[in-house]
Amino acid sequence: MVLKTNIDTREKMGLEYMIANKMFLGGKQNMDSIRDINNRVVSSENNLLAERKAASDKASAQAILIIVIGCLFFLAIIVVMFYYIQSTFKRQERVEEEVRLANIELEKVLQENEAQNWLLTGIGTLNDKMQGQQSEKELSENVLTELSRYSRAFSGTLYLYNEHEEKLDLYASYAFADPSQIKQSIRISEGWIGQAAKDGKAAVVKGKLNDSLQLTSSIIQDEQIETFIVPFLFDKKLKGVLELGFRGEIHPAVKEYVERVASDVAVAVNTSQARTIMHDLFEETQQQAEELEAQQEEMRVTNEELMNKTEMLQASEEELRVQQEELRTINAELEEKASLLEEKNQAIEEARQSITQKANELETTGRYKSEFLANMSHELRTPLNSILVLARILKDNKPLNLSDDQIKYASVIFNAGNDLLTLINDILDLSKIESGKLDMQNEDARISDILGDMQALFAEVAINKNINFTTAAAGVPQSISTDKQRVEQVIKNLLSNAFKFTPEGGSISITAVAGVRPNTVAFKIKDSGIGIPADKQRIIFEAFQQADGSTTRKYGGTGLGLTISRQLAVLLGGEIH
């Protein structure tokens, strides 16, 4: 402190001041003090340095330990963060994949919704077009135009089914240059449209447009088209067929749209047809109402006449009263006679009951006989069929091990067996008819089909016998409701007799004409054969009876064919002349 003070004094006051004040007299002592202080400072600094170095080494060791621990800690954090980030990234990838799949599903749903909206919009628009009271022609044109416009079809036709004539009639066409070239009517099963109508299923047809038809505008002409044919039905009954033409492949949505609206079109067509029928019935009712008014006027006049006659009757009643007195007396006498008649009537009633009982017993016996014949016919046919099969095998002589006589005998057995089988079948039919077990299966039978079957059946026989055989129809409906099989059985029997009794070079004809009664058809069979005498024409319709019943007769037969034919005609609601 003294040294520092001296130094400060010298710097501030100067060296002269120090000398004057004898401040240099204790210099050695001061230097020793300074050296001692310096030594202590150095020792203190060395101790402090050693302590600081030890502290620094300790701090370094601690810092290294802390750094190592910190590094390990941070390494653990980094590893944890790596796995966390990796798992997070994987979750994000899964989420992104789920989002992508959800977007795909959403896009599909949006497409389905868009298609469904398109479909529902088309159905709603078409239903609006079908509203109101429209004729079948107007409805067909509106439906075809809307369907072609909405589905972007290049062309189209619409046919409605005619139940009476069993055909499809053209009611509307779309985008054809010359609609008169389109076929105006199509039969069921004719072409693709007729076949689709028969099957009741839609069909797709690809090909070139008919050369006689054109789909043209001012700048294009299409020939290659794909046609979608859809029949529409109401209550499982055909109402018509819709045909749409498209350029290129038909889109599935368009197919679904057309198939979905087909049922709605069928309902609308059925409603329009019902409305037409109701309109016709309404006009008929109005006409009947007018006729009833005329009849009421006639009845009024008649009532006036009856009133006049009533007055006349009142005058006659007085005369009748007098006559009643006379009749009362006569009635008393008649009552006595009536009692006698009642006794006689009772005796007659007893006799009638006895006759009825006998008739019932006879009917039961006849039914049992018919059932017995029917059962026996079944029993006989089984072994007879076996005999015929064996006889045919022997007659054919495929092993070539039979003599000519043996083949001839087998032929005789086969022919005799066929004749016996025919007789058994006739007896069976007759037994069924007599026992009431033969039911008629009525259906719509076409006259042309019946005549065609007869032509096909007897054409070969006519050629072999050199007979001119013809069929014809005049003024008859296309079809009748009857049992076609039984009708053909009767006609076949009559034609068989005609061919049997007509010599070579003769002629046979069958003609269908209108019957005497309304809604009936008569089949006239005419031949140039030997004919039947007038006195034999009644008995030939009796069972087992023939015009020539002698043992030396020229023509064979069982005598049952005409009997069965007559009874079948009665069951069919007809008769044979």
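Trainee: How do you know that strand 1 is joined to strand 2?

Mentor: Count the bridges: 7 of them join strand 1 to strand 2 (residues 167–174), and the two run antiparallel. Two strands pair if DSSP finds at least two bridges between them, so 7 bridges qualify. The strands themselves are DSSP runs of E with at least two residues, while helices are runs of H or I with at least four residues, and both are numbered from the N terminus. Before we go on: this is a predicted model, where local features need pLDDT of at least 70, side-chain atom pairs count only at pLDDT 80 or more, and totals for chains, interfaces and linings use all residues. Residues are numbered from 1 along each chain as its sequence is written, and side-chain values use heavy atoms, with hydrogens and water left out.

Trainee: Which residues stand opposite each other there, say for Thr157 and Tyr159?

Mentor: Thr157 faces Ser173 in strand 2, and Tyr159 faces Leu170 in strand 2. Between the strands of that hairpin there are 4 residues, and Glu166 takes a positive phi near 55°.

Trainee: What joins strand 1 to strand 8, and strand 2 to strand 3?

Mentor: 6 bridges join strand 1 to strand 8 (residues 237–246), running antiparallel, with Ser155 opposite Gly245. Strand 2 has 3 bridges to strand 3 (residues 185–187), also antiparallel, and Leu168 stands opposite Ile186. In general, strands of a sheet pair through backbone hydrogen bonds, either parallel or antiparallel.

Trainee: Why is strand 1 called largely enclosed?

Mentor: 7 of its 8 residues (strand 1 is residues 155–162) are buried, so the rest of the structure largely encloses strand 1. Buried means under 20% relative accessible area, exposed over 50%, and partly exposed in between, with a 1.4 Å probe and protein chains only. Over the protein chain of 577 residues, buried residues make up 24%.

Trainee: Why is Gly245 called buried?

Mentor: Gly245, in strand 8, has a relative accessible area of 3%, so it falls under the 20% limit and is buried. Leaving aside neighbours within four places in sequence, Gly245 is in contact with Ala153, Phe154, Ser155, Glu226 and Thr227. Contact means heavy atoms within 4.5 Å.

Trainee: Why is helix 8 called roughly parallel to helix 9?

Mentor: The axes of helix 8 (residues 447–464) and helix 9 (residues 484–501) come within 11 Å and cross at roughly 30°. That makes helix 8 roughly parallel to helix 9. Angles under 35 degrees count as roughly parallel, over 145 as roughly antiparallel, 65 to 115 as roughly perpendicular and the rest as oblique. Axes are lines fitted to C-alpha atoms, for helices over the stretch in contact, and angles run from 0 to 180 degrees between N-to-C directions.

Trainee: Is that crossing left-handed or right-handed?

Mentor: Right-handed. That name applies if the near helix is turned clockwise from the far one by less than a right angle, left-handed if anticlockwise.

Trainee: Which residues meet in that contact?

Mentor: Among them are Ile450, Met454, Leu457 and Phe458 in helix 8, and Val487, Ile491, Leu495 and Phe499 in helix 9. The contact's residues divide into 10 nonpolar, 1 polar and 5 charged. Ala, Val, Leu, Ile, Met, Phe, Trp, Tyr, Cys and Pro count as nonpolar, Asp, Glu, Lys and Arg as charged, and the others, Gly among them, as polar.

Trainee: What makes strand 10 and strand 13 edge strands?

Mentor: The open sheet of 3 strands has the order 10-12-13, with mixed pairing. Strand 10 (468–474) and strand 13 (521–527) each pair on one side only. Strand 10 runs parallel to strand 12 (residues 507–514), with 7 bridges, and Thr470 stands opposite Ser509. Helix 9 packs on the sheet, touching strand 10, strand 12 and strand 13, and its direction makes about 15° with that of strand 13.
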